[in-house]
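Hi there,

Here is the structure I promised to pass on to you. Have a look at it first, and then read on for what turned up in it.

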Amino acid sequence: FYLIHILATTVMLGVIWTMQLLHYPSFHFVSKANYRSFQEFHIKRITFIVAPAMLIEAISGSLCLIYIIDDIEIFFVISLILLVVIWLMTAFIFSKLHQNLLDGYSKIIINKLIRLNWIRSLLWSFRFALLIINEL
């Protein structure tokens, strides 16, 4: 389960940094006339990538916690706590921001999305580092 967990985290690490450095900033360059359609497209398509990877990450992490309980290191436990924080941020902050963008282009909301996503990017990076340290 641990290898699957690390692989899912690695996928999400790549996705989150791509979102942070490329995709979210590109939201400013989408035609305002097509913005709602773009945002609908984004939400639908990104879900195909993010939902399975996040679910695999959560399920494999939980299975590791259940089945390897005697050998669980503090680094792994901290990484799972960070995963819960990431999930909560995604559910209660990022989902709402994306829903707000369905109303159309908003420089303020996009900038907020970019600013707040730095936190998720750093949390996922820290999680990855903790998982690698846990293996050493």
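**Pockets and helix packing**

The largest share of the lining of the largest pocket comes from α2, which gives eight residues. Before going further, please keep in mind that this is a predicted model.

**The overall fold**

The protein chain has four helices and zero strands, and along the sequence the pattern reads α-α-α-α. The C-alpha trace spans about 55 × 20 × 20 Å along its principal axes.

**The largest pocket**

I expect you will want to start here. The largest pocket has a volume of about 460 Å³. Its lining is made up of 22 residues, and those closest to the centre of the pocket are I46, T47, V50, T90 and S95. Which elements give two or more residues to this lining? They are α1 (2-26), α2 (35-67), α3 (74-101) and α4 (107-135). Sorted by class, the lining of the largest pocket holds 15 nonpolar residues, six polar ones and one charged one.

**The second largest pocket**

The second largest pocket comes to a volume of about 160 Å³. Its lining consists of V15, T18, M19, H23, F38, F41, H42, R45, I46 and I49. At least two of the lining residues come from each of α1 and α2, and α2 supplies the largest share, with six residues. By class, there are six nonpolar, three polar and one charged residues in this lining.

**How the helices pack**

Let me begin with α2 and α3. These helices pack at an angle of about 165°, and their axes lie 12 Å apart. Angles over 145 degrees count as roughly antiparallel, and α2 and α3 are therefore roughly antiparallel to each other. The crossing of α2 past α3 is left-handed. On the α2 side, the contact is made by Y35, Q39, H42, I43, M54, L55, E57, A58, G61, C64 and L65. On the α3 side, the residues are F76, L80, L83, W87, T90, H98, Q99 and L101. Taken by class, this contact of α2 with α3 has twelve nonpolar, six polar and one charged residues.

Next come α1 and α4. How far apart are their axes? The distance is 9 Å, with a packing angle of about 155°. By the same cut-off of 145 degrees, α1 and α4 are therefore roughly antiparallel to each other. Their crossing is left-handed. The contact of α1 with α4 divides into 18 nonpolar, eight polar and three charged residues.

The remaining pair on my list is α3 and α4. These two pack at an angle of about 160°, with 10 Å between their axes, and they are therefore roughly antiparallel to each other as well. α3 passes α4 in a left-handed crossing. In the contact of α3 with α4 there are 24 nonpolar, six polar and three charged residues.

That is everything from my side. Happy browsing, and write back whenever you like.

Best wishes

Terms used
Residues are numbered from 1 along each chain as its sequence is written. This is a predicted model: local features need pLDDT of at least 70, side-chain atom pairs count only at pLDDT 80 or more; totals for chains, interfaces and linings use all residues. Side-chain values use heavy atoms; hydrogens and water are left out. On a 1 Å grid over the protein atoms alone, a cavity is a set of points where a 1.4 Å probe fits but cannot get out, and a pocket is an open set with protein on both sides within 12 Å along at least five of seven lines; lining residues have an atom within 4 Å of a point. Grid points are joined across faces, edges and corners, and a volume is the space filled by probe spheres set on the points. Ala, Val, Leu, Ile, Met, Phe, Trp, Tyr, Cys and Pro count as nonpolar, Asp, Glu, Lys and Arg as charged, and the others, Gly among them, as polar. Axes are lines fitted to C-alpha atoms, for helices over the stretch in contact, and angles run from 0 to 180 degrees between N-to-C directions. Angles under 35 degrees count as roughly parallel, over 145 as roughly antiparallel, 65 to 115 as roughly perpendicular and the rest as oblique. A crossing is left-handed if the near helix is turned anticlockwise from the far one by less than a right angle, and right-handed if clockwise. Contact means heavy atoms within 4.5 Å.
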